[in-house]
Amino acid sequence: MSDAFISNLTIQRQHFPNDDDQTGAAKALMRLQDTYGLGTKVIATGELPGVSSAASLHSSLMVSDCYDLGKVAYSEADYYHTELWMAQALRQLDQGETSGTVDAVTVLDYLSYSVYQQGELERALEFTRRLLELDPAHQRANGNLKYFEYQLKKHKTVELREKEEARLKRSQADDYLPEKKKYEQLCRGEGLRMTPRRQSRLFCRYYDNNRHPRYVIGPVRQEDEWDHPRIVRYHNIVSDREMEKVKELAKPRLRRATISNPVTGVLETAHYRISKSAWLGAYEHPVVDHINQRIEDITGLDVTTAEDLQVANYGVGGQYEPHFDFGRKDEPDAFEELGTGNRIATWLLYVSNHQ
């Protein structure tokens with residue numbers, strides 16, 4: 001029986017998460033942390049907003065988990081998140097949690113370097129001294145102690161400037177977009193609010209697209225979401241059976257999503273688009289064809305020049321940062337290879353629950 005189990009395990013091993021999956025999950029968690037303004041303690045204890053106390057007991061993080069998150073950030077030279085997660089690991093060690101793989105000396109080593117990289121020499125010195133109390137013979141820490149003391153003495157004025165620059169750097173990345181702040185606020189349910197006057201002009205209605213033959217008897221439910229640009233929501237456009245068929249067709253083809261390089265026009269992956277996607281043509285299955293026809297009937301747009309149906313899976317912490325869905329004036333060749341001209345509208349279908 002044990003041989004059969006091992007044999008089966010060997011076969012199934014190809015489906016197990018690998019190092020890239022673990023790194024991707026860690027990055028996703030830190031992305032969610034920033035987007036929703038969550039502290040490391042909240043995540044580590046599992047006491048997330050809207051989660052019951054019973055559920056939080058099963059989703060807490062151990063010292064080794066916090067340490068691993070900090071190491072992933074460190075490997076990406078993300079010293080801001082390195083500090084946050086190493087500090088959380090240290091807190092849990094200080095509170096009496098034990099770990100067979102992580103000790104305070106190792107955590108303090110990462111902490112001192114990460115805060116130093118952010119321009120905080122005094123705190124780097126503080127963590128280094130604490131490390132040496134635990135391990136007086138630590139070679140790197142002894143070298144760092146002399147270096148930090150020298151730098152602190154020599155560059156007091158420079159340190160203040162670097163500290164401010166580091167604060168700005170960690171609060172907004174090099175590729176930071178002004179729209180990202182609004183995007184993250186919207187994810188948290190904050191941000192732009194309509195005036196009561198504007199909101200009063202939004203309605204729900206039964207819609208038949210000027211008495212379209214398919215919707216005269218059974219119109220669809222249309223809801224105004226935003227006035228400018230105009231965004232409307234249609235309810236119950238596809239059935240559960242159709243959604244399951246779309247997922248079934250797309251699942252074997254899901255691959256890392258790409259973007260069109262605005263300079264070269266070449267399709268490539270990007271850190272600001274984290275998802276997998278697949279494309280389904282209308283000819284591949286009647287369900288896809290019916291969905292396309294439904295979109296045409298409701299919107300009045302001719303889908304013969306539309307792209308194939310794109311199925312996207314964002315997984316845990318996936319995202320697509322603020323972007324334009326159409327080619328702008330400085331991107332005249334954005335969709336040249338499609339031979340259908342620029343995009344004029346985007347239709348989104350949710351085939352799973354969302355919040």
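1. Let me start at Trp347, which is partly exposed, with a relative accessible area of 24%; on this scale buried means under 20% relative accessible area, exposed over 50%, and partly exposed in between (1.4 Å probe, protein chains only). This is a predicted model, where local features need pLDDT of at least 70, side-chain atom pairs count only at pLDDT 80 or more, and totals for chains, interfaces and linings use all residues. Residues are numbered from 1 along each chain as its sequence is written, and side-chain values use heavy atoms, with hydrogens and water left out.

2. The chain holds 14 helices and 10 strands, taken as DSSP runs numbered from the N terminus (helices H or I, at least four residues; strands E, at least two). Of its 355 residues, 29% count as buried.

3. Among the buried residues of α7 are Val105, Leu108, Tyr110 and Leu111. Their cover includes α5 (63-75), α6 (79-94), α8 (121-134) and α9 (139-154). After α7 comes Gly119, with a positive phi near 85 degrees.

4. On to the rings, which pair if the centres of Phe, Tyr or Trp (its six-membered ring) lie within 6.5 Å; planes under 30 degrees apart count as stacked, over 60 as edge-to-face and the rest as tilted. By this rule the count comes to 12 aromatic pairs. One of them joins Tyr113 and Tyr116, tilted, at 6.2 Å centre to centre and 50 degrees between the planes. Both tyrosines lie in α7, three residues apart, about one turn of the helix. Tyr113 is partly exposed at 30% relative accessible area, and Tyr116 is also partly exposed, at 24%.

5. Back to Trp347: Tyr234 and Trp347 form a stacked pair, 5.4 Å centre to centre with 15 degrees between the planes. This pair links distant parts of the chain, with Tyr234 in strand β3 (residues 231-235) and Trp347 in the segment after β10 (319-320), 113 residues apart. Tyr234 is buried, with a relative accessible area of 18%.

6. Finally, please have a look at Asn292 in helix α14 (residues 286-299). Asn292 counts as buried because its relative accessible area is 15%. Leaving aside residues up to four places away in sequence, Asn292 touches Ala282, Val303 and Leu309, where contact means heavy atoms within 4.5 Å.
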